[in-house]
Every structure is written in structure tokens, then in C-alpha cells.
Amino acid sequence: MLRVIFIIMIIFIQSIYGQIDRSIEPRPKQDFSMTIPEIKRAELKNGLRILVVEHHELPIVQVTMLIRSGADADEIEKFGIANLTADMLDEGTKSKSALQIAEELDFLGTELTTYANYDATIGSMLTLKEHLYKSMNILADVFLNPTFPESEFIRLKNELLTDLSAKKTRPDIIATEIFYDKLYGYDHPYGKSTEGTEETVSKITVEDLKRFYSEYYVPNNASIIFVGDVTLNEAYELVYKYFNKWQRKDFIQHKLLVKNRENNIEIFLINKDGAPQSQIRIGNIGIERNNPDFYAVNILNQIIGASNGRLFLNLRESKGYTYGAYANFSMRKSPGPFMAYSGVKTEVTDSALIEFFYELNRIREELIDENEFNMYKLAVVQRLPRVMETPSQIASQIMAIELFNLPDNFFNTLIENYKKVTREDILKVARKYIHPESAVVVIVGDVEQIKSKVENLKLGYIILCDEKGNIKK
Amino acid sequence: MKRIFILLLFASLYAFPQIKIDFEKYVLPNGLQVILHRDTSVPLVSTNIWYHVGSAREKPGKTGFAHLFEHLMYEGSENVPDGRYDEIVDGSGGLNNGSTSNDRTNYWTIVPKNYLEPVLWLESDRMGYLLGAITQERLDIQRAVVKNERRQSYENQPYGMAYKMILEAIYPPDFPYHWLTIGSQEDLDSASLDDVKEFFKNFYGPNNASLCIGGDIDIEETKNLVDKYFSDIPTGPPVPKSQPVDLKLNNTKRLILEDKVELPRLYMFWLSVPDFSKDDAALSLLGEILANGKNSRLYKSLVYEKQIAQEVFAFQQGMELSGLFGIVVTGKPDQSLKELEAEVREQLNILISKGVDDKELQRCKNIIKANFLYRLQQVGGFGSKTDQLNYYNVFLGDPGKFNYDLERYQNITKNDIKIIAKKYLLESNAVILSVVPVGRKDLKAGE
């Protein structure tokens, strides 16, 4: 009530400004409402799905080609085929060379990137509306007519092998990759990064890419998403023109199984002589994307792992151990990793571990305070407009609908579903999905300085590894 | 209704839309510049504040202050308890961040539109009432965080110290671009509470700031809120204007750094020109011609055809007082940097003797044009509309310089490229840094 009077005074009495009482924190106004963009659909006879969201603010269009197979369909011994196949699409087609394709795209100012993640292969294109027709011509060409030229393959493969080798100098990357490996094991696709390793990539041949392409790049395994200054009719006509002759074909849908670990903590130490920081990774296998606990787990993640979450506030803001401390549930078709992580000063490595475990246990043991809960929950509830502002953002949100079989009205009910989550739900999902008692811990740092201190914590077995994660005798 | 009007010009196939971003600019009596931009496409509001101060206002021995300050700005102010800033902004579902460069510091938020007033309360309190909240304890914690940032992003990062060596070699010790914005560990250690407060008093007044608010706002209501929260903040001392300085490198300097890296990397840096000065746009285009895309000259020759390099960058970095033109080439494993340097120079010589062709220049102009439009998708954050409005306002005195900026590139001719490449690269001395794996000095570039 006081606030209402105050606002009225402000409107009428300008001179009051000099005397405002700054100690009173203004409250946000009532809830905002947001119009969720409508998804319009069509489908070609060959099974290719077309999704369109009209967004006419700027004369640009985001076009996303989605193949619903990615590194989940990779072979373990030759891991990285999905990624290299995607990478090779614009390296030559039946009618154009790699340089010609790049020249045409650049001349139009069109951006096209092709890549694979664990769940899908994605061709993401941003174009000016006036060049939509020409850009679609190129997108269709690289998806339908790639020739995988041997010389370009050798160049790209060498570039990738060099990158993979250079990664060995990045303690943060080493830590994350060894964490995945120890969590899922050698035989599981989630145990490797989608690019593969030096060992697996060096075994890949151009024939492997051609086989992967012919098995999975089929219209009945694909969706094409348009967001921007375009209508369903325009999009349909373009897709019909370029993709109608694409042949439907049977393919294998992979479903990866995961199994959680036995009950003990393992700490893998990797030496980095003289490192000023220790890179720490702690976690366990989390949840899949279409798990009904999705809503509660996202709020849990905000509490524990966001940039103002408990780990961050504890390790950075109150202790000054680090530049940042976070945690994240990666949600995929099958349960992805839950990983808490930070790079901390070498001399506080053991103290940082204590705080990590303190926070991971606390969220499972104590019901979160109501005010604290409401703050984190509100952050998740009100996040939607920020992640659905631009055509590219909207397209990447909609991709989830296609990949994880979510209903088209998923985003319309999202806020309501978040609002239903209670503090008790947080305790429940924390106990279910965060497992400090059987966590995998990876630390990359100066072993000589940190080993005995970490041992003294008596957290679990300590295992020394080399930079590829091989256990040292 | 969204207030961006795009007028399509159909003059030729590749004619480009004129960009019109509607905004209103005014100045409060205390000197604060205010820019309002309405865009109702999503229920978001973004605030974006630029303080016209960066590490170039620091003194040798007291480096890293502007950036350390960026951290302290999030630790509470006289009426805002420690931690409340993030609780409100992050807690709203929003985002916030800041960055410090040589010449300016920016702070932005993106929040749901109903949070405009709380955010203005936060931003105004730390602009006007910060000093009483900076305690020794807060300073010590943020000093530790910044030192960790330095470890993570520089010392523990492959090639992380290269840029520091280049700045120290190319700028004289008393020139304010001689040091990294993050400062040195020693200077951070010796920063006293008084030093920090002094720096704030001199440079963080409303008269040295530009506040841009964009998004789903009501213009009149927003003006009232800005008045309510910002008009009582006292003006700071006048900030002397910085003037560009003409510098010359008298001889080519060669440096070597043995680092924990797998791949050798060659850095070639020349003194160029400040942002928005006469040859700035042509030099930016030269960077595109040399290293953006498969058909760019250095990429095509070094990475695509000869395959002696893993990646290549070339760029003009125009700043307020000076500029740098840089070429950075990462070699394949065991690649001699001497050979890479020779190849780079060969390509520069070809470009200067034979010139560039029409299609090549047009391609680079088209990329720049399209990126201009792509950048306007977001109302808040780094490189967004509000950030861009402030950028033009702070450095050109007018937020509405979008088309002026675009046209600078479109007017460049083939001959301009040839002339500036000759003047700034061929006929000028460079700092040439070889970063090689430990024990592999044999790979270094040399005479």
C-alpha cells in the first residue's frame, strides 16, 4: 500500500526525487505475461517434418536442419564419425567444391555450421530474408549431395587430430574428458566427447562417413525448423522444391542404456607440474531429458549449480577459492552426467573438496529454506523470455520438442509445471539424482603439492592417472 | 509494436536495408547521459551502463584497478546488502555481467520487464553510493577472486601470457596500453582501500557514464524512474578527455616464449590507428580479406592449401588512443614459425603488388553488413542493441551511428586496401612473438 502511494507521489511531485528513501528496496511489479510463439507444422510424403515459427521483427531467417541421430549412433572403436560426417557436409557436393560452397555462403552473408552432438546432427543456418531462396539451395545441396572428397577428408581429419592433441595442454578439458570416461566407461558413447579421441579418430575412413550418412541422413529421421521472417507456406514451398525427392529409408533408432556405479568414491589424480590451479570435477550419472522430474531437477540445478547458486556463493563469494564454481545436469536422450566443477587455487584444493562435498550432501539432507527456495525457483520460472528472444534461440528450444518427443505445447505449460514444484520435491530429486557417496572425482593439478592433503581427507580411493586417463601402476 | 524500421532499398541485388533503431537521448543535470529504446517483442528489459574508464586510466604500479572495480561493483553498495544484487537479478530469471577494456567498463542486466524498478535501484545505488560499502574484507575477497581469474585465464592457459608480452613490447612503459586490463599479481596485492576509493571517486561519477535502457518499456514511466533513482547522485570531478597519440615503433622486435603448448604460434602485431579514425574501417576489411573464411588469403594458403597452419586470425583492433593490427597463426605440430612468417609476408606482398579483386572485397563487405543486422537480434548483453547504442554514444557522442558505421565499410575501395596494407604492414615495424613448446626454441621465427 505504501508503495502505491509512493508511486503516485512520484508521478505528480517531481521534486520528491531528491529525498527518496534508498533503504527501501522496490518490489517488482506484478507478473508479466509472455506469448509463446506458435509452432506450425507440415510434413512431406517422405517423412521430413517442417516446423515454422513466424518472427517478423528483422528481415532474417534461422533455418535448422535436424537429423535425429548423432554421436549416440557412433561406433566406440571409431568414435567421432557422427561429428566428422557433419563437418564434411560442406566440403564438396556433386556440383560444387568446398571453396565454391564457402564463397557462395560468404557472398550472401549467410552463416552455416554443421555439427553433431550426442542426440542429433545439426545444420544451423542464419540468412538474410532476401537471400533465403539461395541459401536454402546451398543447405539442401550439402545435406543431399555431399561427396566426401578424400583430399578434404584427410585435411579435416588432420586438423581434428591436431586439435585433439593440443587439448592435452588444457587442464580444464582434460579434467572433463577423464570425468566422462570414468563415469560411463570406455564402451559407452557418453564416456567420450563427441569429437572422439586421437585413437578413435585416427581409425576413421571416408567410407565410415559415407556409411553413417547413408544410414542416418534420411528424411524420416529429419526435421527442418524455420524461425524468422517467413510463413508456413513459403517454408513448405522451399522444402518441397529442394527435399521432395529425398528417399525415405528404414534406419536404426539407438537407445543407450546406462548403469550407475557401485557405492564408493574414487578420486582420479592427474599431474600437471607447477599448475597454479587444480581443476576439479565431481559427479554421477544424472537424468534423461524427458524424465518427468525434469522440472524439479532444473530448479535443483539452479540451487546448487547456477552462477549465484550454493557452490558459487560458497567457494567464490565467501571463500575466494576460485573464479567460479558450478554444477550442471546434462539432459540427453539417455541419462547424461551430473557434474560439479571448478578451477581452484592449488593450495586450497583439499579445502575446496570439503566445501563441494558439504554442499552436495547438504542439499540431500536438509529441506531448503523457503525464502531461498522461492528465489531460485522464481529464477527458473521467469527465465523463459530471455531464452526465447531471437530466432536462433527459439529454434534451439524447439529442437528439444523434436528430439525428445515433447508435446508442441511444451513451452506453453512450462511455467505452470515449474510453479508446481515444492521444496519437498527438491529434497526428493536431490536424493534420487545427486550421489556424493559414490561420486567420481577427477582432479588435474600439481600432484606433488595436493596428493597428501587430498589423502588426508579420507574421502575415497585415490588413483593416479596420466593425461589420457590411463591408470598408472 | 517493435520500433525498428527497416527500409529495404532495391537499388541493386546486394543493396542493404538501412538500419533505423528508434531511441531517445537526454542528459540529467548531474551529467548522466540516458538513452531509451523501446522494443516490445518479448517481455524483457535490459539496462546497459558504460563508464568511460578502463585500464588506460590506471598508473604504472597500480594496474588492474578498473577490472578489480568491476568485481567490487557486485558486492553491495550503501543501501544494497552484499549479495542482494545477484539475488535480485539472477533471482528474477535474468542475467547480468560486466566487462572491462582499456577504455571503458560496461555493466548490463537482462531481466523480465516487471523488474525495471528494482534494477534501477541497484544500478543507481552502486553509481552514487558505493564508497561506504567497500570494506577491507570485501576488497580482499574480490582481490582473491581476480587473482584466481588471472591464474585461470592467463597463467594456467596455453598462450595466456602472449598478449601481455606483445603489449609490453609494442607500447612504451608510460603509455596506458602497456599493461593487461587484469593487472599484475603484485599490483593487485598492493592495492589499498584508499587507492581503490580514489579511483572510484575520479571516474565513476554520473558525468562519466552512459545509461541505456532497452526493451518492453513505457518511455514516460521509465523517464520518471530514471529521474527518481539517478537525479540525486552528485556529479563527479570532470574527467579529462583522452587524446589519441601517434606512436611509432623504431625497429622490429622479436620475442620468444616457451610455454606449455602443443602447437607453435606466431604473433605479428603492428601499431595501427584508433577506432573510427580514417583508416580503421579499411584495416578491418583487410583483416577479413586475410583471414575470414575458406577463401580468405591467409586461410586459403596456409590452412587449406599448404596445410602448414592449424588456424589463422587477422584483425584490426581500434581503441580510443591507438590501434593494433594483428595476425596470429597457429602452426601444425613441429612447424617452423620462420616458414609461417615467410608465407604470411609473401601473401602480404602479393596483396600489395597485385591488389584485391572486386568480388573478394564485396564478399567481405557483405559479411560485415549481414553481421550488423544479426547483431540487432538481442536487446541486451554484450554486442546487443543497447550495448551498441552505448558504444556509439560513448565514442562518437551519438547513439544513432549505425548507418554511419556501416557506410564506413561500404565506401572502401580496392585501392584503399592496397594503400593501407602497404603503409601499416609492409612499411612499418612489427612486434613478432614466437610461442613454442618447452624445449623447442628451434621452431622460432627469425631474421
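## Domains of chain A

In this predicted model, the C-alpha centres of domain 1 and domain 2 of chain A are 29 Å apart. The domain assignment places domain 1 of chain A at residues 40-243 and domain 2 at residues 266-465. Where the two touch, domain 1 of chain A contributes 29 residues and domain 2 of chain A contributes 25 residues.

On the domain 1 side of this contact in chain A, at least two residues each come from strand E2 (49-54), strand E3 (60-67), helix H6 (171-184) and strand E6 (222-228). H6(A) gives the most, with ten residues. Sorted by class, the side of domain 1 of chain A that touches domain 2 of chain A holds 18 nonpolar, six polar and five charged residues.

## Confidence in chain A

The average pLDDT of chain A is 93, and 96% of its residues score at least 70. Residues 1-16 of chain A stay under 50 in pLDDT, and the model has six contacts for them beyond four places in sequence. Where pLDDT is low, the predicted coordinates should not be read in detail.

## Domains of chain B

Chain B is also given a domain 1, residues 19-230, and a domain 2, residues 253-443. Their C-alpha centres lie 28 Å apart. The contact between them involves 34 residues of domain 1 of chain B and 35 residues of domain 2 of chain B.

For domain 1 of chain B, the elements that supply two or more residues to the side touching domain 2 are strand E2 (18-21), E4, E5, E7, helix H5 (162-170) and E8. H5(B) gives the most to this side, with five residues. By class, the side of domain 1 of chain B that touches domain 2 of chain B has 19 nonpolar, eleven polar and four charged residues.

## Contact between the chains

Between the chains, 63 residues of chain B are in contact with 64 residues of chain A. On the chain B side, two or more residues each come from strand E1 (4-7), helix H2 (84-91), strand E7 (105-112), helix H3 (116-128), helix H4 (136-155), helix H8 (219-230) and helix H12 (358-374).

H4(B) has the largest share of the side of chain B that touches chain A, at eight residues. That side of chain B is made up of 25 nonpolar, 19 polar and 19 charged residues.

## A six-stranded sheet in chain B

Chain B has an open sheet of six strands with mixed pairing, in the order E3-E4-E8-E5-E7-E6. Strand E3 (24-27) and strand E6 (95-100) of chain B are at the edges; each has a single partner strand, so one side of each lacks a neighbour in the sheet. On average, neighbouring strands of this sheet are turned by 15 degrees against each other, direction ignored.

Strand E4 (residues 33-38) and strand E8 (residues 209-215) of chain B are paired in the parallel sense over six bridges, and Arg38(B) stands opposite Gly215(B) in E8(B). E5(B) pairs with E7(B) in the antiparallel sense over eight bridges; here Leu44(B) faces Pro112(B) in E7(B). E6(B) and E7(B) also run antiparallel, joined by six bridges, with Asn96(B) opposite Thr109(B) in E7(B). These two strands, E6(B) and E7(B), form a hairpin with four residues between them.

## Helices on the sheet

E7(B) is mostly covered, with eight of its eight residues buried. Helix H1 (residues 65-72) of chain B lies across E6 and E7 of chain B and runs at about 165 degrees to E6(B). H3(B) also packs on the sheet, where it touches strand E5 (44-51), E7 and E8 of chain B. The direction of H3(B) makes about 10 degrees with that of E5(B).

## Two residues with positive phi

Lys458(A) is not a glycine, yet its phi is positive, near 50 degrees. Lys458(A) sits in the loop between helix H18 (447-456) and strand E12 (461-465) of chain A. Lys458(A) counts as exposed because it has 6 C-beta neighbours inside 10 Å.

In chain B, Asp334(B) has a positive phi near 65 degrees, again in a residue other than glycine. Asp334(B) is in the loop between strand E12 (323-331) and helix H11 (337-354) of chain B. With 12 other C-beta atoms within 10 Å, Asp334(B) is exposed, since the cut-off for that class is 12 or fewer.

Notes
Residues numbered from 1 in each chain as written. Chains lettered and ligands numbered in written order. Predicted model: local features only at pLDDT ≥ 70, side-chain atom pairs only at ≥ 80, totals over all residues. Domains from an automatic or database assignment. Contact = placed C-beta atoms within 7 Å. Nonpolar A, V, L, I, M, F, W, Y, C, P; charged D, E, K, R; others polar. Buried ≥ 20, exposed ≤ 12 C-beta atoms within 10 Å, placed from the backbone. pLDDT = per-residue confidence, 0-100. Pairing = 2+ DSSP bridges. Axes fitted to C-alpha atoms, helices over the stretch in contact; angles between N-to-C directions.
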